[in-house]
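Subject: Handing over the structure

Dear colleague,

I am passing this structure on to you, and I would be glad if you could look through it alongside the notes below.

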Amino acid sequence: MRPPRKRHPEFDIAIEFEYPQYLREALGDLPCAPGVYVFHGDSEILPLYIGKSVNIRNRVLSHLRNEEEARMLRQTTRISHIRTAGEIGALLLEASLIKQKQPLYNQKLRRTKQLCSWRLTETGAEIAYSKDVNFATQTGLFGLYSSKRAALQAMQSLADQHQLCCGQIGIEKLSPGRPCFRHSLKVCAGACCGKESTQQHYNRLVQGLQSIQVECWPFPGPVGLVERFEGEYQMHVISQWCYLGSVSDAAEAKALAKQAAGFDADGYKILCRPILGGAAEVIPLW
C-alpha cells in the first residue's frame with residue numbers, strides 16, 4: 001500500500017493556526033449566560049460574525065479553539081456581547097441583528113428577498129408569495145422557502161417520498177397519453193397514466209403536505225413572551241410571528257407593540273413550538 005501523500009505545510013491550516021492573544025484577553029468581559037456575541041473587524045458598521053448561545057463565554061471559547069475559523073479570527077479586532085434572559089431571546093436577537101447588520105461570515109439568516117410557500121389548488125398545488133399573501137393569517141400554506149427554486153426542489157422531494165406525480169401536481173408538463181418520467185423510475189404511483197384516480201392522488205398530496213403546514217398567528221394581536229434568568233427579566237414583543245424587540249416592563253412592551261409587523265420566517269421557526277406548545281409564558285398586549 002502506498003503511504004498517504006503528505007500535505008504541503010503551507011496548506012495545513014492546523015499547523016499555521018494560532019489565534020491572536022489579545023482575543024483571549026478580551027474574554028474577561030464575556031458572561032456565562034445567554035445572549036448574542038459579535039466578532040468585529042476593522043469596520044465599525046459591518047461585523048464579521050454574529051452568534052448566539054445559552055453560555056456566551058463557552059461558545060466564544062469554542063470559536064477560538066477552531067482552526068477552521070482561523071481566517072475570521074485573524075480579522076477580528078474585538079468581541080462584544082448583548083445579554084438576554086433566555087435562549088429564545090438570544091435566538092430572536094441573533095436573527096434580527098444578522099438581517100440588520102449583514103455580517104460577512106453569516107449566510108443562513110440573512111434577509112430573504114421573496115418568501116414563498118405552497119398552497120393547494122383543485123387538483124394539485126401552486127406557489128404563493130409573501131408579497132401577495134399574509135403568511136401570518138392565511139390558512140392552507142405549506143412550507144417556507146427562500147426562493148421558487150427551493151420550493152420546487154422541496155415539492156419534488158415530497159412527491160418522490162409519497163409516490164406523487166409532478167405532472168398531476170402541476171409543477172411539470174405532461175405529454176398527452178404518456179406517463180411522466182418519474183413513473184419510469186417507479187417513484188410515481190401512476191396518476192398520470194390511470195393507475196390511480198385523481199382523487200386518490202390528491203388525498204395523498206394533502207396528507208404529505210400536513211407535516212409542513214404553516215400555522216397561523218394564534219392571537220388577535222401582539223403578545224409579550226417572558227423569559228427570566230438569574231433574576232433578569234425580559235419581555236419579547238411579538239406580532240404575527242415577527243419579533244419587534246425586547247423590553248423590561250409592560251409599558252414599554254405596549255408601546256413597542258404598536259409598531260407595524262409583517263410575517264417573519266425566522267421568527268416563525270423560533271417561536272412556533274414554544275408558543276403553540278404552551279411552553280412559553282405569554283402576555284396579551286392588544
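This is a predicted model: local features need pLDDT of at least 70, side-chain atom pairs count only at pLDDT 80 or more; totals for chains, interfaces and linings use all residues.

Residues are numbered from 1 along each chain as its sequence is written, and side-chain values use heavy atoms, with hydrogens and water left out.

An open sheet is formed by 3 strands in the order 5-4-6, with antiparallel pairing. Strand 5 (125-129) and strand 6 (141-145) stand at its edges with a single partner strand each, so one side of each is left without a neighbour in the sheet. From one strand to the next, the twist averages 30°. Strand 4 (residues 116-120) is joined to strand 5 by 5 bridges, and C116 has Y129 in strand 5 as its bridge partner. Helix 9 (residues 198-209) packs on this sheet, touching strand 4, strand 5 and strand 6, and its direction makes about 145° with that of strand 4. Here, strands pair if DSSP finds at least two bridges between them, helices (H or I, at least four residues) and strands (E, at least two) are DSSP runs numbered from the N terminus, and axes are lines fitted to C-alpha atoms, for helices over the stretch in contact, with angles running from 0 to 180 degrees between N-to-C directions.

Helix 5 (residues 87-101) has 15 residues and reaches 21 Å from its first C-alpha to its last, close to the 21 Å expected at 1.5 Å a residue (that is, 1.5 Å times one less than its number of residues). Of its 15 residues, 11 are buried, among them I88, L92 and E94, where buried means under 20% relative accessible area, exposed over 50% and partly exposed in between, with a 1.4 Å probe and protein chains only. Just after helix 5, Q102 takes a positive phi of about 50°.

Q168, in helix 7 (residues 166-169), is buried with a relative accessible area of 18%. Beyond its neighbours within four places in sequence, Q168 is in contact (heavy atoms within 4.5 Å) with residues including T123, C192 and H201.

A search of the whole structure finds 0 disulfides, a disulfide being a pair of cysteine sulfur atoms within 2.5 Å. The sulfur of C216 is 10 Å from the closest cysteine sulfur, in C272, which is too far for a bond. C216 is partly exposed at 22% relative accessibility, and C32 is partly exposed with a relative accessible area of 49%.

With best wishes
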